[in-house]
Amino acid sequence: MMNMVWRDSGVPADSFYEARTECAEGPKSKFKIKAGKTLSVRRWQAAFNPEGQLDIASVLSRIQRGGVHPSIRGQVWEFLLGCFDPKSTFEEREELRQQRRVQYERWKDVCHELDSHVGSGIIVTAPLVTEDGQPIHDPLVLMEASPSQTPPHSEQVNSSAESTDVMMDKQVIEWKLTLHQIGLDVLRTDRGLVFYEKKENLSKLWDILAVYAWIDKDVGYCQGMSDLCSPLIILLEDEADAFWCFERLMRKLRGNFRCTASSVGVENQLQSLASITQILDPKLHQHIESLGGGDYLFAVRMFMVMFRRELSFGDSLYLWEMTWALEYHPDIFTLYEEPEFLEQNDGSKKKVKIRQFGKFERDNIRNGTKTSEAPLPITVFLVASVLKDKSAKILQEARGLDDVVRILNEISDLDAKKACSHAIKLHKKYLKMAKNS
């Protein structure tokens, strides 16, 4: 059946992800998987040499033309997100995969000791402790914490006992207080997909987010992370593999979720968006400022969940892999595994063939972006392209920030492929104008 579908010249991206019939509303898929353009199983397998080293340049080129075939998407994403080094062998990757699976299970065991719901198949949806760490004994609360699977009385007692016996410090309390929020978000995430009709899949998503919230204490859990993690659960069957893919994705995005009392985590990207719009569309920027929207907070959602709300499920996955391929850095694995590598290998871009970089990253190199600041991520230009596309409507109809939000929320004709192409053009124009200014 898969081969028959693959020979079709244009298969909608969403056709590979079964949706519930009662949840047909929402953005429709515009991206089509096409033979000869999309990275196929055959081309993917042919990109490895006998030892298992990957010709990443040929893979990036194909992805940038037509995305990744859904049947190999999980495998490809592990490389795009820096889980594995293209220069590694089959044997080296398998050894690393097993090490990571063991490490994940260790972290999960630690979390289970702190709260027995982790790994139990139960999804917490109500607070189990107060803000000062006192266990909540209310039976109604305990029942709400375990919807559709009320634990036996002995399990409730054990859960209460663990809360009193273990001396909880501030970090443990903060983590426990996030567990029910994770549960509430998990039950709302991608509910239109048949995949999440199975409770074990929901539990897997909750466990991964709970473990991540524990190991990344600076960020913990924030709303939106479930939208980022959900596709990885679907694409990677092994829970530990999905966790490590999510951990790598968060390396890219965690700055967006770091908030303080005085600033929003995504503030730097919002400021960059304002600067880009001011240069590329000064009339629009001036109008937005006149409405009191100079902080561009109305664009937060697009940054936080990477267009999950504006695109269909399949199209959003295509957009993600396109952006990762476009800004791919061949040293991404080493940079994550050995952070000191960047300092020790200053100028390493010159030592690597330019084809091994994504197109967006190549443009940065060729235009000599030698400032001390890191290059702007492609997502900033994607959001800028959406604003540019809606510029006339915003200028004509927006009489307040609510109107700007309404216009952006009404995006139903967004084409992921065209958005990426437009973002690349805006990036080149921006680099040229910035260089000449």
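Is tryptophan 324 buried or exposed? Tryptophan 324 is buried, with a relative accessible area of 2%; buried denotes under 20% relative accessible area, exposed over 50%, and partly exposed the range in between (1.4 Å probe, protein chains only).

1. Basis of the note. The model is predicted: local features need pLDDT of at least 70, side-chain atom pairs count only at pLDDT 80 or more, and totals for chains, interfaces and linings use all residues. Residues are numbered from 1 along each chain as its sequence is written, and side-chain values use heavy atoms, with hydrogens and water left out.

2. Aromatic pairs. Across the whole structure, a search returns 20 aromatic pairs. The rings of tryptophan 320 and tryptophan 324 form a tilted pair, because their centres are 5.9 Å apart and their planes stand at 45°. Under the rule applied, rings of Phe, Tyr and Trp (its six-membered ring) pair if their centres lie within 6.5 Å; planes under 30 degrees apart count as stacked, over 60 as edge-to-face and the rest as tilted.

3. Setting of the tryptophan pair. Tryptophan 320 and tryptophan 324 are 4 residues apart in helix H15 (residues 313-326), so about one helical turn separates them. Helices (H or I, at least four residues) and strands (E, at least two) are DSSP runs, numbered from the N terminus. Tryptophan 320 is buried, with a relative accessible area of 0%.

4. Aromatic cluster and charges over rings. One aromatic cluster is formed by Trp44, Phe48, Phe79, Phe84 and Phe90. Lysine 217 lies over the face of tryptophan 214, at 3.8 Å from the ring centre, and arginine 100 lies over the face of tryptophan 244, at 5.6 Å from the ring centre. A charge sits over a ring if NZ of Lys or CZ of Arg is within 6 Å of the ring centre and within 35 degrees of the ring normal.

5. In one of them, glutamate 239 pairs with lysine 108, with the closest N and O atoms 2.9 Å apart. This pair links distant parts of the chain, 131 residues apart: glutamate 239 belongs to helix H11 (residues 239-257) and lysine 108 to helix H5 (residues 90-114). Both glutamate 239 and lysine 108 are buried.

6. Further salt bridges. Glutamate 310 and arginine 301 meet in a salt bridge (2.9 Å, N to O). Here glutamate 310 is buried at 4% relative accessible area, whereas arginine 301 is partly exposed at 34%. Glutamate 397 forms a salt bridge with arginine 406, the closest N and O atoms being 3.7 Å apart. Glutamate 397 is partly exposed, at 32%, and arginine 406 is partly exposed, also at 32%. Salt bridges that share partners join Glu78, Arg97, Arg101, Asp238 and Asp241 into one network.

7. Positive phi values. Most residues other than glycine have a negative phi. Tyrosine 296 has a positive phi, near 60°; this residue is placed in the loop between helix H13 (282-290) and helix H14 (300-304), and tyrosine 296 is buried, with a relative accessible area of 0%. Phenylalanine 307, in the loop between H14 and H15, has a positive phi near 65°. Phenylalanine 307 is buried, with a relative accessible area of 4%.

Key: A salt bridge is a side-chain nitrogen of Lys or Arg within 4 Å of a carboxyl oxygen of Asp or Glu.
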